[in-house]
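Please keep the sequence and the model open while reading.

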Amino acid sequence: MSSAWLLPEHIADVLPAEARRIEELRRQWLDRARGYGFELVMPPLLEYLDSLLSGTGRELDLKTFKLVDQLSGRTLGLRADTTPQVARVDAHLLNREGVTRLCYCGPVLHTRPSGLHMTREPLQFGAEIFGHAGLEADLEVQELALDGLAAIGARELTIDLGDARVVRSVLAGVPLDAAALTELVAALTAKDGSTVQSIARNCAAETRAGLATLIELYGGDEVLDQARHRLPARAPIAAALDDLSWLVRHLRQSNPGVRVGFDLSDMSGYAYYSGVRFAIYGAGSTNALVRGGRYDEVGAVFGRNRPAVGCSLDLKGLTAVTPIAPPRAAVRAPWGEDAGLRAAVRHLRAQGETVVCILPGHEHETQEFDCDRELAAVGGEWVVRAL
């Protein structure tokens, strides 16, 4: 019989040291986004399911926990991704005409983990730009992501680029239902050639050849040249390759230490990407640290089809690839009723110091703080001295 206090699989408490690191990361990313001009929004954790999943496709539906609202009797969803909510905020609540930059940070819930050691309760940070269809917005989001990762100490960054228009163009007109199409896209992402050919066996020969080629189109700069010669000569594919070339040139100018690669069959993430998409990896990470891309069509279901591009990441996952910060320096103080002592403690805390009062009977307990100084009575006054 299981213990009542055991948590569900892939759900965990976050203990003090890791919680401190996650909170520091949250503050760093929000401050970084603010430095780029992004405004903070806080969408609700749950909302009506039909609104929550509008325009996101089957993949997000399968990740979403559902429950019945006892007030209205309608089905609610616990968000599995915040991006559609932010698109709703832009379309219906802000309703601005010009460019809008929004960021957010909060928990999301997944019915299943996205990987073997992944949590089902990520703490998702994201940043979105609405109202600009040009590549300048794509570049700004990518540079924010790279800048943020570098600032928190992530090393050996690699950004993999692709474009949803390439896969969509190759698949244009295929005689597959939504479920089969989702399975095919997953097989393309996994480079599972046999499954791809099995699902596409009734497609046109040009489509089957294009799918087989897509699986091979990952690597360095040669990928773009190969794609121009080997993929079907279709205008959306040519436009996508031109856009990727433009972005790579600018990324290398601003981030010379970042490796740039391509994966034209990777459609990981949610099904609403409509253009350039990217994933960023770092030293020691097998899963992407940040994913993002353009999703111009999400706002259409809210009655306002605005250009949009953004990125998101799980702050909990970042703790595995960022340096462990040393314990925060603190002042150790005795507990006492002396008015001078209590005034000295308040003064130190008002100056931004961490003061740990040693409660009676617990003089030898340790914590995550590095008490390198103490508050001591010297000559009738309370002073701070080194330990």
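A residue is called buried when its relative accessible area is under 20%, exposed when it is over 50%, and partly exposed in between, with a 1.4 Å probe and protein chains only. By that rule Asp 266, at 7% relative accessibility, is buried. The model is predicted, so that local features need pLDDT of at least 70 and side-chain atom pairs count only at pLDDT 80 or more, while totals for chains, interfaces and linings use all residues. Residues are numbered from 1 along each chain as its sequence is written, and side-chain values use heavy atoms, with hydrogens and water left out.

**Overall fold**

- The protein has 13 helices and 16 strands; these are DSSP runs numbered from the N terminus, with helices being H or I of at least four residues and strands being E of at least two.
- Along the principal axes, the C-alpha atoms of the protein fill a box of roughly 90 × 55 × 50 Å.
- Of the 387 residues in the protein, 45% are buried.
- Contact is taken as heavy atoms within 4.5 Å. Among the contacts with a separation of 6 or more, 68% are between residues 24 or more positions apart.

**Surface and charge**

- The protein exposes about 19,500 Å², and carbon and sulfur atoms supply 53% of that area. Accessible areas come from the Shrake-Rupley method with a 1.4 Å probe, and for residues only the protein chains shown count as cover.
- The protein has 41 positive and 50 negative charges, and their mean positions are 1 Å apart. Lys and Arg count as positive, Asp and Glu as negative, and His and the chain ends are not counted. Each charge is placed at NZ of Lys, CZ of Arg, CG of Asp or CD of Glu.

**Nonpolar cores**

- A nonpolar core is a set of buried Ala, Val, Leu, Ile, Met, Phe, Trp, Tyr and Cys residues joined through side-chain atoms within 4.5 Å.
- The largest core has 81 residues, and the members that touch the most others are Leu 149, Leu 214 and Leu 318. Helix H5 (residues 135–151) gives the largest share of this core, with 8 residues.
- Beyond its neighbours within four places in sequence, Leu 318 is in contact with Leu 25, Trp 29, Leu 149, Ile 152, Leu 289 and Leu 313.
- A second, separate core holds 8 residues, including Val 331, Ala 333, Leu 341 and Val 355.

- Asp 266 sits in the loop between strand S9 (259–263) and strand S10 (276–281). Setting aside neighbours within four places in sequence, Asp 266 is in contact with Thr 189, Arg 277 and Arg 291.
- Leu 244 belongs to helix H11 (residues 235–254) and is buried, at 0% relative accessibility.
- Not counting residues up to four places away in sequence, Leu 244 touches Leu 161, Gly 162, Asp 163, Leu 224, Phe 262, Leu 264 and Val 276.
- Leu 244 and Ser 285 are 41 residues apart in sequence, and 24 Å separates their C-alpha atoms.

**Cysteines**

- The structure holds 0 disulfides, a disulfide being a pair of cysteine sulfur atoms within 2.5 Å.
- The sulfur closest to that of Cys 357 is in Cys 371, 10 Å away, and therefore too far for a bond.
- Cys 357 is partly exposed, at a relative accessible area of 26%, and Cys 371 is partly exposed at 24%.

- His 10, which is not a glycine, has a positive phi of about 65°. His 10 lies in the segment before helix H1 (16–35) and is partly exposed, with a relative accessible area of 31%.
- Glu 156 also has a positive phi, near 50°. Glu 156 is in the loop between H5 and strand S7 (158–163) and counts as exposed at 60% relative accessibility.

**Sequence separation against distance**

- Arg 88 is in helix H4 (residues 83–94) and is buried, at 16% relative accessibility. Arg 88 and Ala 308 are 220 residues apart along the chain, with 12 Å between their C-alpha atoms.
- Ser 114 is in the loop between strand S5 (100–107) and strand S6 (123–130) and is exposed, at 52% relative accessibility. Ser 114 and Ala 137 are 23 residues apart along the chain, with 28 Å between their C-alpha atoms.
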